[in-house]
Amino acid sequence: MESLVAADARRIAGIEQPVGPLAFGCWRFTHDDVSHAQHVLETALDAGLNLVDTADVYGLDWGGAGFGENERLLGDVLSESPALRERMVLATKGGISPPVPYDSSPNAVRRSCEESLRRLRVDVIDLYQVHRPDLFAHPADVVDTLCSLRDEGKIRAIGVSNHNVEQHRAVEAHLGEPLATSQPELSVLTLDPIRDGVLDHCMATGTLPLAWSPLAGGRLASGDAVPAELTTKLDDLARREGVRRADVAVAFVLAHPSRPVAILGTQTPERIVASIAACSVHLDRTDVYDLIVASEGVALP
């Protein structure tokens, strides 16, 4: 729903359309029925999840049909209903090239981006991110290629995923401007970006964080392999706020002052709609620090 975006909009540098605090993730977008896939996507857009996050490598797991297939399915949906394209900020990622682990060489980045454009059946990708850092690629070469793609009108904004602070700085040194986005794994079970400076760097530069796996792969919803103290605290807060445990876990991510966007992976329309409740949860400092202590099992100094 547009009101969700308007009420708590985030901005991605270089992209005119604002995005909501929740995003639709395509890691599990492995449906083989285009009409069903369209229904799921439309439900997400109607619910205000207007940032649609995918990657060329999505499709290699979660029952997918292979490399590039989740992008291809999304492209099929957009081909059937082109009006949906105008309702979304379309983000994809490249740089993982099986069987080579990571490849951000100029030819590989250009090839990955152009193949994503073909699979998605679009003229431009709003946000293009390097999926994981290639330790043997010079950031100047990566930036030159991405800037060329931007100059050619094939992408609008440049971001990174799973990069540490020094890797951010190396890219930005050659880019000459802050990255538009950074996509770390972040949840109440995965606190590294809060501790290691990634979110601090985002706040210093105006980079928008996109948090993947805010429910720790669903564990925070199910309680599987989650510290008992953390599950208890989540449940206590859920009762207080009148929401689900999962909503409190997502609200923890949204509560950080860097104003992350939480990327949700559910492909169940009812759960997509229910997830909006996370945006109405109020967590004060006592709540968030209690959750951190419960997660880490160590008292704060």
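## Arg118, an exposed position

At 56% relative accessibility, Arg118 counts as exposed, because the cut-off for exposed is over 50%. This comes from a predicted model. Arg118 is found in helix H4, which covers residues 106-120.

## Thr43, a buried position

Is Thr43 buried or exposed? Thr43 counts as buried, at 11% relative accessibility. The cut-off for buried is under 20%, so the value qualifies. Thr43 lies in helix H2, residues 34-46.

Which residues does Thr43 touch, leaving aside those up to four places away in sequence? They are Pro269, Ile272 and Val273.

## The nonpolar cores

In soluble globular proteins, nonpolar side chains tend to be buried together. In this chain, the largest nonpolar core holds 70 residues. Phe24, Leu41, Leu146, Phe252 and Leu283 touch the most other members. Helix H11, residues 245-254, gives the most to this core. Its share is seven residues.

Leu41 can be followed contact by contact. Not counting residues up to four places away in sequence, Leu41 touches Phe24, Val52, Leu74, Val77, Leu84 and Met88. A second core is separate and has 14 residues. Ile15, Val19, Ala23 and Val89 are among them.

## The chain as a whole

The chain has 13 helices and eight strands. Its radius of gyration is 19 Å, close to the 19 Å that the globule rule gives for 301 residues, so the chain is as compact as a globular protein of that length. Along the principal axes, the C-alpha atoms fill a box of roughly 50 × 45 × 35 Å.

Of the 301 residues, 54% count as buried.

## Surface and charge

The side chains include 27 positive and 43 negative ones. The centres of the two sets lie 1 Å apart.

Conventions: Residues are numbered from 1 along each chain as its sequence is written. This is a predicted model: local features need pLDDT of at least 70, side-chain atom pairs count only at pLDDT 80 or more; totals for chains, interfaces and linings use all residues. Side-chain values use heavy atoms; hydrogens and water are left out. Helices (H or I, at least four residues) and strands (E, at least two) are DSSP runs, numbered from the N terminus. The radius of gyration is taken over C-alpha atoms; the globule rule is 2.2 Å times the number of residues to the power 0.38. Buried means under 20% relative accessible area, exposed over 50%, partly exposed in between (1.4 Å probe, protein chains only). Lys and Arg count as positive and Asp and Glu as negative; His and the chain ends are not counted. The place of a charge is taken as NZ of Lys, CZ of Arg, CG of Asp or CD of Glu. A nonpolar core is a set of buried Ala, Val, Leu, Ile, Met, Phe, Trp, Tyr and Cys residues joined through side-chain atoms within 4.5 Å. Contact means heavy atoms within 4.5 Å.
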